[in-house]
Amino acid sequence: MTAFASALWAEGLKMIRSRVPLLCAVGFCMAPLAGGLFMIILKDPQAARSMGLISTKAQIMAGTADWPAFFNLLAQAVAAGGMILFAIITIWVFGREFSDRTLKELLALPTSREKIVGAKFIVIVLWSLAVTLLVFGLGLIVGTLVVIPGWSTDLARTAFLDMLGTAVLTIPLMTFVALLSSAGRGYLPPFGWTILTLVLANIAAIMGWGDWFPWAIPGLFSGAAGPRSAQLGPHSYLIVILTGLAGLAATFYWWRDADQAR
Amino acid sequence: MDLAIETNGLTKRFGDVLALDQVNLRVGRGEIYGFLGLNGAGKTTTIRALLGMIHPGRGEVRVLGQPVGPHGRGPWQKVGHLVESPSAYPELTVSENLELARRLQGIRDRKVVKEIIERLALGPYALRKAGTLSTGNLQRLGLARALLHGPELLILDEPANGLDPAGVIEIRELLRKLARERGVTIFMSSHILTEVDRLATRIGIIHKGRLIEELDADQLERSRSKRLAVRARCPKDALLCLQSAGYRSTVQDETILIEDERAIEHPDEVARILVKGGTPPMRLAVEQQDLEEHFMHLTGGTK
């Protein structure tokens, strides 16, 4: 087994044994279940009216009870929920080494620090993508069970790629969460950062320059703020890539060169 | 001398605080080096510098002949360490924590985990989650991880921390055996001075970031002052008797202390004088300054 495979095995074991990633996955699966509930409400306007607030909320969120609206709802959930849940998992993967004081066991090993950080990022990416697939798969089951109109294979393929694209655009932004978890030596600084970027992303989108703000781009891609093509350009994707690479490089640098005096 | 650890002018500053000031350590292979210092003296900072966890502001660190750093590089496949309080992944069992360490150490032989569990008497806890372990057993797990790969050099920060008296003796014997039978070099910091006194073949004392003394156990033995302690039913009469016989004596807590070399070498003579003077001794013992007293004397303590 190579050193990198060992590091990956170690990170995988920590992930499997912990309850945090599992709870995050369960939390994320609430999105298709809530979407299914909205569809049931919207399918029966009579019953919907008698349900008051939840009916109004369903109409605002989804509009109509059909597959395009349902998939759109799921994509938005991945954009907004993904930013928080992917961040939680990143904070856990990196921050737990500080809160459990296990970092010192990872610094003077034949397996280099770069390999350990690389393994952590790979575990985060795999987990994030797996949860996205889980949400999509559960969405298909829920949509089928509540019986909504408008299904087509093309629509499902496009919706799948949109959701995956939203997740793929969200994941690179997690490198800064990893950096803050490491440099901040725990959970609070990266959590504060996540909230800050969510607020700023909303402001940027409202101001009309969200296509230039990396943390607003996954939301715009998901269609949460209207048709995607009108707002995003190649510069938007480039900004996400560059932001991801900057965070990645800074995290590697920090693990390799920062003083670990605590 | 073949050195396992060598630092030259090791200096580290954290902001305005000078944590290490020109520390020149020399630890020979096979030695058990006791590293002593008060809290905040620079023990853990030195250990972290030896393990490449912090970068020296100035100076260099060599471990097993290889420079430590840059970027945390070092001969880590030959070094076992235990830094500060023991830690482990709480949701993993003792076995899993060690299996994880085995893989990260790049050890192919799977049996080493079982062997180290037996050696450190962790068998009953092998399947227990580390988060439920007592401090003592967590310390054993930390030691097991440090010993897992059969290192040539062990760098241990307070290895007896949290262990019960039987555990302290057991670990002491284990370390002594490792040094004697396998030639493992042990660099250990401890605040339990008696432990260091019993185990170390060489001692370094760090104070306010400076290595103020380095000496062999033999040297320490020679440098320790001795005295004859005498107890009698009437200390006043005994003191007068001894002073009139020409012994320089003082009384402390009802005990007469004689630092005269003559008395230390011939306590029988002192006994004879006291019996003849009508104040026979109840207790007569040659006492030696212990490491604790030597340490407190050096670091300006009060003992």
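Predicted model: local features only at pLDDT ≥ 70, side-chain atom pairs only at ≥ 80, totals over all residues.
Q: How many residues of helix 2 of chain B are buried?

A: Nine of the eleven residues of helix 2 of chain B are buried, so that this helix is mostly covered; a residue is buried if 20 or more other C-beta atoms, placed from the backbone, lie within 10 Å of its own, exposed if 12 or fewer, and partly exposed in between. Among the buried ones are B:L98, B:L100 and B:R103.

Q: And what do those buried residues pack against?

A: They pack against helix 1 (3-17) of chain A, together with helix 3 (111-119) and helix 4 (135-147) of chain B, where contact asks for C-beta atoms, placed from the backbone, within 7 Å.

Q: How many residues does each chain put into the contact?

A: The contact takes 28 residues from chain B and 26 residues from chain A. On the side of chain B, helix 2 gives the most, with four residues, and that side has twelve nonpolar, twelve polar and four charged residues. For these classes, Ala, Val, Leu, Ile, Met, Phe, Trp, Tyr, Cys and Pro count as nonpolar, Asp, Glu, Lys and Arg as charged, and the others, Gly among them, as polar.

Q: Switching to the core, which residues touch the most other members?

A: In the largest nonpolar core, which has 141 residues, A:L74 and B:A144 touch the most other members. Such a core is a set of buried Ala, Val, Leu, Ile, Met, Phe, Trp, Tyr and Cys residues joined through C-beta atoms within 7 Å. Helix 6 of chain A provides the largest share of this core, 20 residues.

Q: What is B:A144 in contact with?

A: Leaving aside neighbours within four places in sequence, B:A144 is in contact with B:L98, B:I116, B:I117, B:L120 and B:L122.

Q: Back to helix 6 of chain A, at what angle does it cross helix 9 of chain A?

A: The axes of helix 6 (residues 67-99) and helix 9 (residues 153-170) of chain A cross at roughly 15 degrees and come within 9 Å. These two helices are therefore roughly parallel to each other, a term for angles under 35 degrees. Their contact includes A:L74 and A:F86 from helix 6 and A:M163 from helix 9, and its residues divide into 13 nonpolar, three polar and one charged.

Q: How about helix 10 and helix 13 of chain A, how do their axes cross?

A: The axes of helix 10 (residues 174-183) and helix 13 (residues 234-257) of chain A come within 7 Å and cross at roughly 25 degrees, which makes helix 10 of chain A roughly parallel to helix 13 of chain A. By class, their contact has eight nonpolar, five polar and no charged residues.

Q: Last one, is B:E213 buried or partly exposed?

A: B:E213, in strand 11 (residues 210-216) of chain B, counts as partly exposed because it has 18 C-beta neighbours inside 10 Å.

Methods:
Residues numbered from 1 in each chain as written. Chains lettered and ligands numbered in written order. Axes fitted to C-alpha atoms, helices over the stretch in contact; angles between N-to-C directions. Parallel < 35°, antiparallel > 145°, perpendicular 65-115°, else oblique. Contact = placed C-beta atoms within 7 Å.
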